[in-house]
Structure formats: C-alpha cells, structure tokens
Amino acid sequence: MTLAGKEIILGVTGSIAAYKAVYLLRELVRLGAGVNVVLTEHAQKFVGPLTFRTLSGRPVLTDLFDPQTDAAVEHVELANRCHALIVAPATANLLAKAAHGIADDFLTTLLLATRAPVLIAPAMDAGMWDHPAVVANVATLRARGVTVLEPDAGELASRLAGKGRLPEIDAILETLQRLLSPLRDLAGQRLLITAGPTREPIDPVRYLSNRSSGKMGYALALAGLRRGAEVVLVSGPTSQSPPAGAVFVPVETAEEMREAVLQHLAWATIVIKAAAVADYRAREANAAKIKSKQDGLTLELAATPDILKEVAARKGDQFVVGFAAETHEVKRHAREKLEAKRIDLIVANDVSQKGIGFEADDNQVTLLDRWGGAIELPRMPKLDVANAVLDRILALGAAKPAKVPR
Ligand code: CTP
C-alpha cells in the first residue's frame with residue numbers, strides 16, 4: 001500500500017484515544033502521504049501539537065481565528081486540496097456536530113468545506129455508542145455518504161468493557177485505501193432514478209400519499225455518482241437533499257413523475273424506479289377547500305398511470321429496475337410484478353418489518369431478475385443496498401452484454 005502523492009487531513013478530537021492518532025499519523029507519513037493535522041481544543045488536552053508537528057513536518061492547525069495565520073482562508077484551500085479527511089478518534093460530540101452541520105472550530109468547518117471522502121473512526125465510553133442520539137447521528141452521516149467505522153469492543157479507559165475502542169489502525173488504513181481508489185465501474189452509464197412518494201391533491205390543502213422517505217432512491221443516486229455514472233434524479237417531495245452532481249427534477253404527482261421519466265428515458269442507459277408512486281388520485285381535485293365535518297363524505301378515486309409498465313413497454317436497450325414493496329409472500333408477489341411489468345430486475349422488500357424499508361435507514365431486500373436469479377441480501381444500510389443493486393445490474397449486464405448499453 002502506498003499513499004504517495006496523497007494529501008490527507010487528520011482531525012483529532014478530545015478522547016483518551018488521541019494518543020493513537022500519533023501512531024496513525026506515523027503510518028500515514030511512512031506510506032508517503034502529506035498530512036495536515038487539525039486538533040480540536042479538547043484534543044490538545046490529551047496530546048500536544050508538538051508531537052504531531054514533529055511527525056508530520058507541517059504546522060498543526062488548532063485555532064480558526066488565530067490572528068498570526070490566515071487560518072480561516074486556509075481552511076477552504078486545504079479542504080479543496082485534500083484527497084481524504086480522517087477524523088480519528090472522533091468523539092460523540094464530533095459526530096453530533098458533523099451530523100448537524102455545526103462549524104464552530106477548524107475541524108468542523110473543514111468537514112463542511114471539503115468535498116473529499118470523509119472517514120470517521122469513533123472512540124467513546126461504553127454505552128455512548130449505543131445511545132439513540134449517537135445512533136441517529138451516525139445514521140445521518142452514513143446516509144450522507146460519510147464512512148463511519150464501527151468502534152472495536154474491549155476494555156475501555158474507564159475500565160468498563162464494551163464497544164467504544166478506536167478501530168485498529170490497519171482497519172482505518174484499509175478503509176482509507178478503498179476510499180482513495182473508488183470504483184469507477186459505472187463511468188459512461190446514465191442513470192434515471194425515481195425516488196420518494198408522489199402526492200395526489202384532493203383539494204388545495206389535502207393530498208393522498210404514502211410513507212416513502214426517498215432514502216433508498218437518494219442512496220442509489222449517490223452510489224451511482226460515486227461510481228462514475230451520470231444521474232438524473234426524479235423525486236417526489238422528501239426531506240432528503242439531492243446528492244451533489246445529480247440533475248435533480250422535483251415533481252409532485254404521479255402524472256408529473258411520468259412526464260419527467262418519459263422525457264429522460266431516451267437519454268438513460270439504466271432506469272431504476274425506487275419511487276413509491278401513489279396508486280390512486282382523486283378523480284376530481286377540488287379547486288376549493290372541502291369543508292370539514294361532512295359525515296360520510298365520499299371521495300372518488302382514479303388509478304394513476306403505471307409509470308414502470310409504460311417505461312418497460314416504450315424502452316429501447318435500457319436496463320429497467322423496479323421495486324416491490326410487499327407485506328406478505330414478498331418473493332412471489334415481487335416475481336409476479338417483474339413478469340407483469342416486463343422489467344429486468346426487481347428489488348423486493350418486506351415493508352411490514354420494523355427497522356427496514358419505508359422511512360428506515362436500513363433495508364433488507366431480495367433481488368429477483370428475469371433470468372430466474374434470486375439473491376437474498378442481509379440487512380444493511382441503504383447506501384450498501386444501493387451498491388449491491390448496482391453490482392447486480394452490472395453483473396446481469398455483463399452476462400447479457402446487450403442488456404446494458406455501454
Ligand atoms: N410504479 C410505477 N407507477 C405506479 C405504481 C408503481 O412506476 N403507478 C413502480 C414503482 O416505482 C415500483 C414498482 O412499480 O418500482 C412497484 O411498485 P409497488 O407499489 O410495489 O407495486 P404496484 O404496481 O403499485 O402494485 P401493488 O401496489 O398492487 O402491490
């Protein structure tokens with residue numbers, strides 16, 4: 001392994017494991033990387049800047065507002081120049097600040113400013129890692145594409161045993177290596193992805209919709225971009241932010257989604273319909289607000305267009321992927337959908353299970369393809385599911401080259 005020519009920022013926060021960052025720095029330098037170390041105020045209470053300065057051969061960054069340096073300007077330049085930003089050890093406090101975009105010192109400001117891959121190696125006392133606040137912050141960061149390693153289990157500084165030790169230096173270096181040489185196996189592919197729910201108006205105030213959060217579709221867009229694809233993301237209303245680099249097409253109704261999809265269909269090489277399209281709309285949307293307290297009010301519904309079916313009927317060489325949200329007999333129903341809609345691959349998930357599927361950060365899916373294959377994947381974060389779906393598309397395309405246009 002070599003890191004020759006790589007510029008790394010190493011952020012160190014106030015954990016007793018800060019001394020291990022010295023060993024990590026020594027390895028990074030030994031492997032050829034140029035390393036700028038950033039210490040938080042609390043990190044300096046554990047290990048002084050001189051140790052890091054001596055080993056890195058560079059000034060150590062501590063104070064964003066130091067009048068002796070141009071630190072505030074430098075941070076932008078540093079953020080642009082680096083190939084990766086590592087935070088090791090990262091405290092629960094750092095995870096919280098990073099998850100919420102707080103930038104109140106040098107390190108947290110760099111975390112917002114950089115577009116390089118971010119690798120976080122947490123270390124904290126037993127019990128903290130499992131606290132719901134930390135769990136939620138880690139999930140937010142992972143969904144955003146930040147790599148957060150799992151801490152190791154063992155004896156901690158407090159003499160308690162549990163999960164909270166800084167991951168081994170080898171594990172940090174191995175992950176760094178993967179982040180620095182990302183797969184570009186989707187270069188040249190053009191992904192048309194739909195995500196989120198649709199909203200079908202009943203009147204100017206109310207609508208019909210469903211519980212889709214859009215997380216799965218946005219994860220697919222992020223994974224696709226990272227692997228070198230161009231991405232058009234057609235999305236119903238969600239609270240997710242579109243990944244940088246995607247062409248974002250916001251829509252509201254199934255009809256608007258249909259139009260946007262058909263408009264980009266000829267451009268695409270792969271179509272992935274992760275959206276949970278509302279199946280029904282009000283036959284007549286009322287122009288005026290319907291008055292409340294009308295007992296027995298009847299709403300007449302009409303079916304929305306089946307976008308996926310239309311895509312499959314109109315498509316050329318595109319590889320078409322659908323999703324099947326099921327509550328029972330998941331695989332049977334999903335295979336029926338695959339066949340009825342005449343698509344290439346269907347991602348089946350059981351939305352009746354807590355913690356996976358709708359609104360959740362994890363998913364557990366089975367990939368069924370029209371050549372008879374069925375791959376059951378373990379439960380994992382949606383970004384990992386997204387990568388597994390993209391792997392499968394490429395594998396099926398590779399077996400049947402005509403299916404995935406190059
Ligand atoms: N889909 C679509 N247009 C619709 C409904 C669904 O394009 N009007 C797509 C979804 O994006 C998804 C797939 O079809 O990729 C399956 O969606 P799902 O809701 O599970 O299936 P439905 O076809 O709606 O069948 P049902 O709700 O009866 O299970």
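Predicted model: local features only at pLDDT ≥ 70, side-chain atom pairs only at ≥ 80, totals over all residues.

Student: What share of the contacts with a separation of 6 or more is between residues 24 or more positions apart?

Tutor: The chain has 13 helices and 21 strands, and its C-alpha trace spans about 70 × 55 × 45 Å along the principal axes. Among contacts with a separation of 6 or more, the share from residues 24 or more positions apart is 67%.

Student: Which element gives the most residues to the largest nonpolar core?

Tutor: That core has 37 residues, and Ile193, Leu220, Ile272, Leu390 and Ile393 touch the most other members. Elements that each supply at least two residues include β8 (190-195), α9 (215-226), β13 (270-273) and α13 (382-399). The top contributor, with 9 residues, is α13.

Student: How many residues are in the other core that lies apart from it?

Tutor: In soluble globular proteins, nonpolar side chains tend to be buried together. Here another core lies apart from the largest one, and among its members are Leu24, Leu31, Ala123 and Leu166. The number of residues in this other core is 34.

Student: Is Tyr19 buried or partly exposed, and what is its relative accessible area?

Tutor: Tyr19 is in helix α1, residues 18-30. With Ile16, Tyr23 and Phe46, Tyr19 makes a nonpolar surface patch of about 410 Å². Buried would require under 20% relative accessible area. Tyr19 is therefore partly exposed, with a value of 42%.

Student: Is Asn363 buried or exposed, and what is its relative accessible area?

Tutor: Asn363 is in strand β18, residues 362-363. Leaving aside residues up to four places away in sequence, Asn363 touches Met216, Asn349, Ile356, Gly357, Pro378, Arg379, Met380, Lys382 and Val385. Of these, Val385 is 22 residues away in sequence, with a C-alpha to C-alpha distance of 6.9 Å. Asn363 is buried, and its relative accessible area is 2%.

Student: Why are Glu336 and Arg332 separated by about one helical turn, and in which helix?

Tutor: The side chains of Glu336 and Arg332 meet in a salt bridge of 2.8 Å, N to O. Arg332 also meets Glu329 in a salt bridge, at 2.6 Å, N to O. Glu336 is partly exposed at 39% relative accessibility, and Arg332 is partly exposed at 44%. Glu336 and Arg332 are about one helical turn apart because they are 4 residues apart in helix α12.

Student: Which parts does the pair of Arg392 and Asp369 tie together?

Tutor: The side chains of Arg392 and Asp369 meet in a salt bridge of 3.0 Å, N to O. Both residues are buried. The pair ties together parts 23 residues apart in sequence, because Asp369 lies in strand β19 and Arg392 in helix α13.

Student: Which residues are linked in a network of salt bridges?

Tutor: Side chains of opposite charge can pair when their charged atoms come close. The structure holds 24 salt bridges. The residues linked in a network are Glu255, Arg258, Glu310 and Arg314.

Technical notes: Residues numbered from 1 in each chain as written. Heavy atoms only, no water. Core = buried A, V, L, I, M, F, W, Y, C linked by side-chain atoms within 4.5 Å. Buried < 20%, exposed > 50% of the residue type's maximum accessible area, 1.4 Å probe, protein only. Patch = residues over 30% accessible without salt bridge, like charges linked within 9 Å, V, L, I, M, F, W, Y side chains within 5 Å. Areas by Shrake-Rupley, 256 points an atom, 1.4 Å probe, with all protein chains shown as cover. Salt bridge = Lys/Arg side-chain N within 4 Å of Asp/Glu carboxyl O. Contact = heavy atoms within 4.5 Å.
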